[in-house]
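Have a look at the structure first, then read on.

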Amino acid sequence: EPGRGEGNLAADLVFAWRATGEDSLLTVARDYLLELASLETWDPDYDLLHGHLMLGTAIAYDWLYHELNRSERAMVAARLGDEAEAQYLQITENRAWYRTQYLQNHAHVNFTGMAYAAVALYGEDARAQKWLTACEDFFPHVFEMSPSDGGSIEGLSYGNYAMEFCLFYAELARSVLGRDYYSSKWIENFPLFVLHSMLPNPSENEWAMNFGDCPRHGNWHGPEHQLFLVASRLNDPTAQWLGQHLIELNETGLASA
């Protein structure tokens, strides 16, 4: 059974190829996508792992579409479509516990993965419209009901995780669906939530006051890349500075980013 990182890696590899144009990376990215599509089982629980795999596979399929032959496209599209349909049925017929959990990362991850699958297969798979409709019904509640101070009831680390996938959806909505969720106070004030969570003498792995299910940092998922994206979309110099500051807590490399 794969892990969440295997889903992320599908998108990372294809991004590396798109960014560099290296033929060797194209080969690696394509082979990896086909390997994912041929796995016997993705996630028997249709939970967080499933969301990561749908999102990564959808991005890789979209960006590699013209590099795949007809049979490869058919194989990936069929697998992604079947997995998205399984997620949809898990939410609608099996009434998955997270189906109306608007403040919970499990819901954010799974709905986002299904949304990316829907957009990647739109026009190819007749089921894509209902998957997308379910996501469009869900996410307005998320951005409306999430804390206006930018915080999270789950603590900083899971809050970053939730924000990461909600920003994935916000970008999809902005670029493909014509919807702008960047007016959300939750997104706008997220950098301040991170900033005011900081300790006075921060280090790479101990820089935040912890509450909820959270260590003394937010390094599981960012928050640097979330901060940079919010800085870009909202022209927020505080978010830009904070992302750089957190990276610089580590002497070398990109820290948790």
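In which loop does Asn235 lie? Asn235 lies in the loop between H9 and helix H10 (237-247); helices here are DSSP runs of H or I with at least four residues, strands are E runs of at least two, and both are numbered from the N terminus. Keep in mind that this is a predicted model, where local features need pLDDT of at least 70, side-chain atom pairs count only at pLDDT 80 or more, and totals for chains, interfaces and linings use all residues. Residues are numbered from 1 along each chain as its sequence is written, and side-chain values use heavy atoms, with hydrogens and water left out.

- Most residues other than glycine have a negative phi, and most peptide bonds are trans.
- Asn235 isn't a glycine, yet has a positive phi of about 55 degrees.
- Asn235 is also exposed, with a relative accessible area of 67% (buried means under 20%, exposed over 50%, partly exposed in between, using a 1.4 Å probe and protein chains only).
- Arg95 isn't a glycine either, and its phi is positive at about 50 degrees.
- You'll find Arg95 in the loop between helix H4 (70-92) and helix H5 (105-121), and at 52% relative accessibility Arg95 counts as exposed.
- Gly222 and Pro223 are joined by a cis peptide bond, with omega about 10 degrees.
- Pro223 sits in the loop between strand S2 (206-208) and helix H9 (224-234).

**Aromatic pairs**

- The count comes to 15 aromatic pairs, where rings of Phe, Tyr and Trp (its six-membered ring) pair if their centres lie within 6.5 Å; planes under 30 degrees apart are stacked, over 60 edge-to-face, and the rest tilted.
- Tyr61 and Tyr65 make an edge-to-face pair, because their ring centres are 5.6 Å apart and their planes stand at 85 degrees.
- In that pair, Tyr61 is buried at 1% relative accessible area, whereas Tyr65 is partly exposed at 26%.
- Trp97 and Tyr98 are edge-to-face too, with centres 5.6 Å apart and planes at 80 degrees.
- Here Trp97 is partly exposed at 46%, while Tyr98 is buried at 2%.
- Ring pairs also link Tyr102, Phe111, Phe138, Phe139, Phe143, Tyr169, Tyr181 and Trp186 into a cluster.

**Charges over rings**

- Arg73 lies over the face of Tyr65, 4.1 Å from the ring centre (this needs NZ of Lys or CZ of Arg within 6 Å of the ring centre and within 35 degrees of the ring normal).
- Arg18 lies over the face of Trp63, at 4.9 Å from the ring centre.
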